[in-house]
Amino acid sequence: MDVAVVIPLFNGAKWIRQTLDSVFSQEHYPMEVVVVDDGSEDESPDIVKTYSDAILLRHPGKGENFARNFGLKHTTAPLVTFLDHDDVWHPAHLRLLCSILEQHPECPAAVANVRVFKIDNSLVLQPPKSDVVAFDPWINFPKNQVYTPSSVVIRRASLDAIGGWPNRFAAYTDVYTWLRLSANQPLLMNRSISMGYRWHENAMNINLRLKKEEIQRYFDAAMAASEDAVAHRLNVYPQDSARLKKNLGMLRPMSNILKAVANSECKLLKESALTLEESLAGESTAFIQSILHMLAWFLVPHLSMELLENRTEVVEILIEHWPKEARNTRQAIISSAFALNLLAYLYKGPLKIKYWKLFVDLIFVKLQYSLEQLNFFRQKNL
């Protein structure tokens with residue numbers, strides 16, 4: 001099946017050549033490649049012009065979601081994919097995902113597995129194979145389970161049915177799209193890795209999460225997107241009402257936790273953590289982990305080693321003020337990989353007993369959590 005590639009571009013001179021090279025190296029050659037320049041101030045549009053098979057469109061700097069929708073309207077292929085200007089594909093990527101959709105005409109979209117990389121020469125993609133499984137973004141709702149739009153090929157008819165690529169919900173629009181596309185039935189995922197997601201400090205979602213004044217609006221967009229998507233899901237599966245509304249209720253205390261951490265409001269952190277703990281009562285360990293990983297994702301830029309000079313004392317606040325009565329969530333939040341950045345505090349203040357105490361607490365909680373997980377799997381296998 002023919003596929004169109006839409007690439008939103010903004011000041012991507014460092015990466016756009018490698019991205020386009022990966023597109024034009026595809027074994028399943030795209031019918032259309034449209035690059036939408038969203039007001040770049042560097043030489044990236046000139047680089048795009050050197051590719052004869054790429055169509056360059058100008059767009060007045062309204063943001064990547066508007067650029068995606070603009071590009072979509074200028075393509076006609078029955079399949080479409082939205083590739084970020086800094087990501088890359090293995091040559092077999094489109095062949096595998098388009099084949100999935102051709103073999104499963106009922107499926108709205110196919111998703112590839114992703115490898116995150118920071119340095120160009122650190123990305124090594126082995127030849128991917130077909131390893132297809134059902135993929136339902138609603139299973140761990142409200143946590144997002146699709147790393148990037150670059151990893152998804154969508155059936156145009158399915159996208160048209162939800163009004164095209166949405167412009168609402170800011171940086172959370174892609175998550176909303178996956179939920180809407182799967183409102184009736186699951187998507188399909190190829191578990192074999194066929195694309196590289198470039199992590200860098202200039203990425204939009206990193207910048208949004210770094211700004212105290214933006215992170216709350218970002219999460220508010222996540223809540224609004226989730227609420228809207230749930231309404232569409234319940235039109236098809238009204239029997240899921242109790243579960244989905246309960247899960248929606250988890251977002252408010254999470255929002256308050258972000259606010260508390262950003263503003264060092266320890267009382268609000270304790271109250272919100274207890275509310276979140278209560279809302280997660282009876283849930284599986286895996287689900288609790290997924291929800292806390294979602295919360296951690298919004299905090300990750302504040303904990304990055306590369307951004308050490310600019311970050312707040314987030315780990316310290318979380319470990320000292322997350323109430324011990326909220327046992328399950330405390331274990332999950334501290335055991336999340338991001339908390340290991342506490343090692344940076346030892347580097348920052350190696351002679352401060354306070355930091356060593358925090359480090360010991362962290363190790364103790366992680367050890368306790370690991371032992372509980374081991375016992376759980378042992379009992380499961382008996």
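# Cavity lining and helix packing

Mentor: In this predicted model, the lining of the largest cavity has six nonpolar, two polar and one charged residues by class.

Trainee: Which residues line the largest cavity?

Mentor: Pro137, Pro142, Lys143, Asn144, Gln145, Val146, Val175, Trp178 and Leu179 line the largest cavity.

Trainee: Where is proline 142 placed, and what kind of peptide bond joins phenylalanine 141 and proline 142?

Mentor: Proline 142 lies in the loop between strand S7 (132–135) and strand S8 (152–155). The bond from phenylalanine 141 to proline 142 is cis, with omega about 15°.

Trainee: Now the helices. What describes a packed pair?

Mentor: The angle between the two axes and the distance between those axes describe the pair.

Trainee: Why is H10 called roughly antiparallel to H11?

Mentor: The axes of helix H10 (residues 251–263) and helix H11 (residues 266–279) cross at roughly 155° and come within 8 Å. Angles over 145 degrees count as roughly antiparallel, so H10 is roughly antiparallel to H11. The crossing of H10 with H11 is left-handed.

Trainee: Which residues of H10 and H11 meet?

Mentor: From H10 they are Pro253, Met254, Asn256, Ile257, Lys259, Ala260 and Val261, and from H11 they are Leu268, Leu269, Ser272, Ala273, Thr275 and Leu276. This contact of H10 with H11 has nine nonpolar, three polar and one charged residues.

Trainee: How do you know whether H9 is roughly parallel or antiparallel to H10?

Mentor: Helix H9 (residues 241–249) packs with H10 at an angle of about 15°, the axes being 4 Å apart. Angles under 35 degrees count as roughly parallel, so H9 is roughly parallel to H10. Asn247, Leu248 and Gly249 in H9 meet Leu251, Arg252 and Pro253 in H10. By class, that contact of H9 with H10 has three nonpolar, two polar and one charged residues.

Trainee: At what angle do H10 and H12 pack, and which residues meet?

Mentor: H10 and helix H12 (residues 285–299) pack at about 35°, with axes 11 Å apart, and their crossing is right-handed. Leu251, Met254, Ile257, Leu258 and Val261 in H10 meet Ile291, Met294, Leu295, Phe298 and Leu299 in H12. The contact of H10 with H12 has 10 nonpolar, no polar and no charged residues. Leu, Met, Ile, Val and Phe count as nonpolar.

Trainee: What is the phi of asparagine 11, and where is its place?

Mentor: Asparagine 11 is not a glycine, yet has a positive phi of about 50°. Asparagine 11 sits in the loop between strand S1 (3–9) and helix H1 (16–23).

Note on methods
Residues are numbered from 1 along each chain as its sequence is written. This is a predicted model: local features need pLDDT of at least 70, side-chain atom pairs count only at pLDDT 80 or more; totals for chains, interfaces and linings use all residues. Side-chain values use heavy atoms; hydrogens and water are left out. On a 1 Å grid over the protein atoms alone, a cavity is a set of points where a 1.4 Å probe fits but cannot get out, and a pocket is an open set with protein on both sides within 12 Å along at least five of seven lines; lining residues have an atom within 4 Å of a point. Axes are lines fitted to C-alpha atoms, for helices over the stretch in contact, and angles run from 0 to 180 degrees between N-to-C directions. Helices (H or I, at least four residues) and strands (E, at least two) are DSSP runs, numbered from the N terminus. Angles under 35 degrees count as roughly parallel, over 145 as roughly antiparallel, 65 to 115 as roughly perpendicular and the rest as oblique. A crossing is left-handed if the near helix is turned anticlockwise from the far one by less than a right angle, and right-handed if clockwise. Contact means heavy atoms within 4.5 Å.
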